[in-house]
Amino acid sequence: MIEARGLTKRYGETTAVDDLSFAAEPGVVTGFLGPNGAGKSTTMRMILGLDRPTSGSVTVSGKRYHELRHPLRTVGALIDARWVHPNRSARSHLRWMAKSNDIPQRRVDEVLETVGLTSVANKKAGGFSLGMSQRLGIAGALLGDPEILMFDEPVNGLDPEGILWIRRFMHRLADEGRTVFVSSHLLSEMALTAQDLVVIGKGELIAQCSTADFVSRATEDAVKVRSPQLAEFRPVLADAGASVRGEDGAVLVSGLDSDAIGDLAARHQVVLHELSPQQGSLEQAFMQITGDSVEYASDFDDRAPATTELAGTAS
Ligand SMILES: Nc1ncnc2c1ncn2[C@@H]1O[C@H](COP(=O)(O)OP(=O)(O)OP(=O)(O)O)[C@@H](O)[C@H]1O
């Protein structure tokens, strides 16, 4: 578990992290989200003991990072995939890391196998593609078989296959009971990867909840209804307390779920061509909830509306 309590970091006049408290639990992937400059990197650096809090604390498995005797055995991190000497082979890079943390050398081949780099283990890391470098970085994070793993923007620049591999890998690590804490700007990817979210803005906590709760809190649930008899169905829906938006042919109904709408249609002998619950996206929810905490919003910042838009259904 990662636990922050009243975590604060000031750089001169700038408060990068402001009285931040959250917990990332074992057994799930926790996404760490926030607009640019929100304080994510500063928080991650404090978790890893690379930066000292001005006040408050953050612990990994109940201890501050500098109190850990063998840090890599408690927390493994991928912060910068290119942080490897280019002339070193993948294997010698990992051997060096293992040695400096009292980790048995046999772990090197185990983690190379885990991330699928065995066949290129003796090749110079400088010639690796970004995807291979990410795998090597993950292998380094796994060396000490830690219960906590942190990844900063792990899928940046990866192709779809690489992204899928990382997503599955994170789920596997969480299924093994580890704490997986991951920051990313790719919200659609985070929606698929993270079960829980910690969302910050201007250094402060905005939300800590499940991804599903975050999305449903910020976006309206609606049901798309297509029917050739909408003109007569509209007043029926309105009488039942629903609000109906959109043109004839297809409308968005909110205030009733799809079961209730289907029952009403059957009772009034209305033919339905479509009855589909619409879900808001993490992107919409993020824009809605973090709207006021963007540090460098531009005049052209066209924030997405929080409601589910009816796409491509104009009649
Ligand atoms: N070493 C530093 N000295 C002064 N200010 C800093 C320093 N590091 C970060 N900051 C400031 O602290 C704030 C938070 O920065 P941080 O890099 O943690 O945000 P972030 O959420 O990681 O942003 P991004 O998503 O753009 O990487 C910003 O205003 C930044 O300018």
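Predicted model: local features only at pLDDT ≥ 70, side-chain atom pairs only at ≥ 80, totals over all residues.
Two residues are taken to be in contact if their C-beta atoms, placed from the backbone, lie within 7 Å. Helix α6, formed by residues 160-175, lies across β3, β6 and β7. Its direction runs at about 150 degrees to that of β7.

These strands belong to an open sheet of six strands, arranged in the order β5-β6-β7-β3-β8-β9, and the pairing within the sheet is mixed. The edges are held by β5 (75-78) and β9 (204-210); each has a single partner strand, so one side of each is left without a neighbour in the sheet. From one strand to the next, the twist averages 15 degrees.

Strand β3, residues 29-33, pairs with strand β8, residues 196-201, in the parallel sense, over four bridges. Thr 30 has Asp 196 in β8 as its bridge partner. Helix α1 (residues 40-47) also packs on the sheet, where it touches β3, β6 (148-152), β7 (179-183) and β8. The direction of α1 makes about 150 degrees with that of β6.

Which element gives the most to the shell around the ligand? It is α1, with three residues. Both β2 (14-24) and α1 supply at least two residues each. Among the residues surrounding the ligand are Tyr 11, Thr 14, Gly 37, Lys 40, Ser 41 and Thr 42.

Notes
Residues numbered from 1 in each chain as written. Pairing = 2+ DSSP bridges. Axes fitted to C-alpha atoms, helices over the stretch in contact; angles between N-to-C directions. Near = placed C-beta within 6 Å.
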